[in-house]
Amino acid sequence: MNAIYEEDFLGFSYGFRPGRSPHQALDALTVGITTKKVNWVLDADIRDFFGSLTHEWLVKFVEHRIGDKRVVRLIQKWLAAGVLEDGKRVRSEVGTVQGGSVSPLLANIYLHYVLDLWAQQWRKTQAQGDMVIVRFADDFVVGFEHRQEPSDSSRNSANDSRSLAWSCIPTRHGSSNLAAMRTRIDETAATGNRRASTFWASRTSAGKTRKGWFTVLRQTMRQRWQAKVQAVRIELKRRLHDPVPEVGAYLRSVVTGHYRYYGVPMNGPALGAFRNAIALTWRWMLRRRSQKSRMPWSRFAKYAARWLPHPRICHPYPLVRFAVTTQGKSRMR
């Protein structure tokens, strides 16, 4: 089924697809915002999407593309199997198991027909000005040139946080779960007022380069790296009396892995903050090895320089990588 639907899925769909990653989705969003006339950004995600997905319409979508009735029956059995909660089997008429092996594909199939195809057609026929869209699972970001798309004062006022176009989504295919969208529309500061705005779970925000040009900043969420530091703290307690080289090698692998994933351009300050937090946690652990243990900064600095690498940007700029991965074919269309 993956091989079949990979030929159908649109370019701006990135979640749970082979050869596509969150970094590539953010690259597409960054390139779209910086190269198109995008002045307003709509950030939306569907609340409890996996738990409220409509079985009836999902089966219809699968039957539209898959002619083998055995495959369709297998999917129906999968949806009707339910889950085990406290040793009891619980069935539901809606939703698919979040974390199940087939759930990501079924979710992409559902949103392909409910959202993607409609958004593509709407962009071609009704959008006023430039428009970009990037979807990762049930979380999608749309960039508009104009504040109101389309202009309809009776249903979309200047104070409405959601575009009229997206207010039409809940009525499509009887998908009442799509009505529970959490949305926020922000100014990208591309023109005029350059106030910063955030979208996509605060991982991306509007900013300026050193020369004053508008750009999209991609920074590590503070909650993400703080949670990792807390996990490292728990692990260091378990390794309290391990040799320093063994602990240092472990921390080096943690810090290096963090850099390889979050080392995107202009994210240096967040990488430095993560390294400093790891260093302080390690020094705290070394001072607890005995009641008389002392760890002056002059001594600990040698450990940090030996085992904790300094921040390093590992990813290329979005425009460069996006051009290589697409090879001239847009992944936003």
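**Aromatic cluster, nonpolar cores and a surface patch**

Ring pairs join Phe49, Phe50, Trp57, Phe61, Tyr110 and Tyr113 into a cluster. Rings of Phe, Tyr and Trp (its six-membered ring) pair if their centres lie within 6.5 Å; planes under 30 degrees apart count as stacked, over 60 as edge-to-face and the rest as tilted. The model is predicted: local features need pLDDT of at least 70, side-chain atom pairs count only at pLDDT 80 or more, and totals for chains, interfaces and linings use all residues. Residues are numbered from 1 along each chain as its sequence is written, and side-chain values use heavy atoms, with hydrogens and water left out.

The count comes to 12 aromatic pairs. The ring centres of Phe61 and Tyr110 lie 5.6 Å apart with planes at 70°, so this pair is edge-to-face. Phe61 sits in helix α4 and Tyr110 in helix α6, 49 residues apart. Helices are DSSP runs (H or I, at least four residues), numbered from the N terminus.

The largest nonpolar core has 37 residues. Such a core is a set of buried Ala, Val, Leu, Ile, Met, Phe, Trp, Tyr and Cys residues joined through side-chain atoms within 4.5 Å. Phe49, Leu58, Val62 and Ile109 touch the most other members. Helix α6 gives the most to this core, with 12 residues. Apart from this core lies another, of 26 residues, among them Tyr250 and Trp307.

Val324 belongs to helix α12 (residues 318-326). Val324 is exposed, with a relative accessible area of 57%.

Key
Helix = DSSP H or I, 4+ residues; strand = E, 2+ residues; numbered from the N terminus. Buried < 20%, exposed > 50% of the residue type's maximum accessible area, 1.4 Å probe, protein only.
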